[in-house]
Amino acid sequence: MAGVTGPAGPPHDVAVVAFDGVQLLDVTGPLEVLTTANVFGARYRVRTVSPDGGDVVTSSGVRLGVDGGPQVLPRRLGTVLVPGRRDWRRAVADAELVGLAAELAARSRRVTSVCAGAFVLAQAGVLDGRRAATHWRLARELRAAYPAVRVEADPVFVRDGPVVTSAGVTAGIDLALALVEEDHGAGLAREVARELVVFMARPGGQSQFSARLGPRDAGHPVVRAVMDAVTADPAAPHGPAALARTAGVSARHLTRLFRAATGTTPARYLESVRVEAARALLEGGTDPVERVARAAGFGSSETMRRAFQQLLGVSPTAYRARFRTTAGTESGAAAG
């Protein structure tokens, strides 16, 4: 396994950028992973810096001490990590912050971001022509604001050469574990994951967390009518002929209109709406999976399972266990 450093090698210098309004866990999650890795033999030398060298106040109101400005860092860095803030527009409007990110990226062998930190890297030009990830709520905004960036909405993190960008907040932990594995191998990363009681690799992508799976903003009245009919009753028999009758056009013409307006087909849209309906039933009720499948319009639990695996990366049973309640994680919950 090739790595940037080994346990017996020189320290791997990491710079974490901090600024007012930064999300606290974007910073502390990766920091905890890297410093825990040091317990098991890694040699990360982590410094937190801000544009002016002063302490910052995070999104949660916690004051975060920093090591200083960029002058406290060595000339060459192993990794720079840029976290985000909820109001990404204020972050990218901060010329000092964007300038610091650009400067440190040029000095680093590896450039990373967490959540909305991708907007800062995009503003600095670091992501031009590259694949990138951010929080699922922000993916469309990143794509619109920076068309030179190839945004991927589902992955928890995306690696494109020396640049690694991750999804929202806790995904910074997934990102940092991947960096540790890259540098020191899966064994050491696994020890860190065990110590922190987190997944070595999170099951599924961001789709399992997002509130909407399919397009909802089609402007064409025919397409809008079909979408409204599907969402009003996902379990109805919405075959190609039935949807065409609803639209008042041929099935072939409807497919052309739908693809032009939404980028997908009526069948795929129907499947996404049925998955969304099933999610709500799994989260809010106790009906068996087979009954949920029929109520959501799938016909069978096997058909629903395939759709969940394809769209969410998890099975319906795993989804229910993960999102319905936290009670199952309590000691002794099964005995109650």
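This report walks through a predicted model of one protein chain, from the overall make-up to a few single residues.

**The whole chain**

The protein chain holds 14 helices and 10 strands. It has 336 residues, and 47% of them count as buried. Among the contacts between residues at least 6 apart in sequence, 66% join residues at least 24 apart.

Six strands form an open sheet with mixed pairing, in the order 2-1-5-6-10-9. Strand 2 and strand 9 (157–160) are at the edges with a single partner strand each, so one side of each has no neighbour in the sheet. From one strand to the next, the twist averages 15°.

The table below lists some of the strand pairs, with the sense of pairing and the bridges that join them.

| Strand pair | Sense | Bridges |
|---|---|---|
| Strand 1 and strand 2 | parallel | six bridges |
| Strand 1 and strand 5 | parallel | three bridges |
| Strand 6 and strand 10 | parallel | four bridges |
| Strand 9 and strand 10 | antiparallel | four bridges |

Val17 has Val49 in strand 2 as its bridge partner. From strand 1 the chain passes through helix 1 to strand 2, and this β-α-β crossover is right-handed. Ala15, in turn, stands opposite Val80 in strand 5.

Now move to strand 10 (163–166). Val163 of strand 10 is the bridge partner of Val111, and Asp160 also stands opposite Val163. Which way do the residues of strand 10 point? Val163 and Thr165 point one way, Val164 and Ser166 point the other way, and all are buried. Strand 9 and strand 10 form a hairpin with two residues between the strands, where Gly161 takes a positive phi near 65°.

**Helices across the sheet**

Helix 1 (residues 24–39) lies across strand 1, strand 2, strand 5 and strand 6, and runs at about 160° to strand 2. Helix 6 (residues 171–184) lies across strand 1, strand 2, strand 5, strand 6, strand 9 and strand 10. The angle between helix 6 and strand 6 is about 155°.

**A closer look at helix 3**

Helix 3 (residues 95–107) has 13 residues. From its first C-alpha to its last it reaches 18 Å, close to the 18 Å expected at 1.5 Å a residue.

Which residues of helix 3 are buried? They are Leu97, Val98, Leu100, Ala101, Leu104, Ala105 and Arg107. An α-helix has 3.6 residues a turn, so residues three or four places apart point the same way. Leu97, Leu100 and Leu104 are among the buried residues of helix 3. The cover over these buried residues includes strand 1 (12–17), strand 2 (44–49), strand 5 (77–82), helix 2 (88–92), strand 6 and helix 4.

Pro51 sits in the loop between strand 2 and strand 3 (56–57). Is Pro51 buried or partly exposed? Its relative accessible area is 23%, so Pro51 is partly exposed. Beyond its neighbours within four places in sequence, Pro51 is in contact with Ala18, Pro70, Glu96, Leu97 and Leu100. Pro51 and Ala95 are 44 residues apart along the chain, while their C-alpha atoms are separated by 9.7 Å.

Cys115 belongs to the loop between strand 6 (108–114) and helix 4 (117–123). Phi of Cys115 is near 55°, a positive value in a residue other than glycine. Why does Cys115 count as buried? Cys115 counts as buried because its relative accessibility is 3%, and buried means under 20%.

Thr262 is found in helix 10 (residues 251–262). With a relative accessible area of 18%, Thr262 is buried. The side chain of Thr262 reaches the backbone oxygen of Phe258 at 2.7 Å. A polar atom of the Thr262 side chain also lies 3.2 Å from the backbone nitrogen of Thr264.

Methods: Residues numbered from 1 in each chain as written. Predicted model: local features only at pLDDT ≥ 70, side-chain atom pairs only at ≥ 80, totals over all residues. Heavy atoms only, no water. Buried < 20%, exposed > 50% of the residue type's maximum accessible area, 1.4 Å probe, protein only. Expected span 1.5 Å × (residues − 1). Contact = heavy atoms within 4.5 Å. Pairing = 2+ DSSP bridges. Axes fitted to C-alpha atoms, helices over the stretch in contact; angles between N-to-C directions. Right-handed = clockwise from strand over helix to strand, strands pointing away. Polar contact = N/O pair within 3.5 Å; in protein donor to acceptor, adjacent residues only side chain to side chain.
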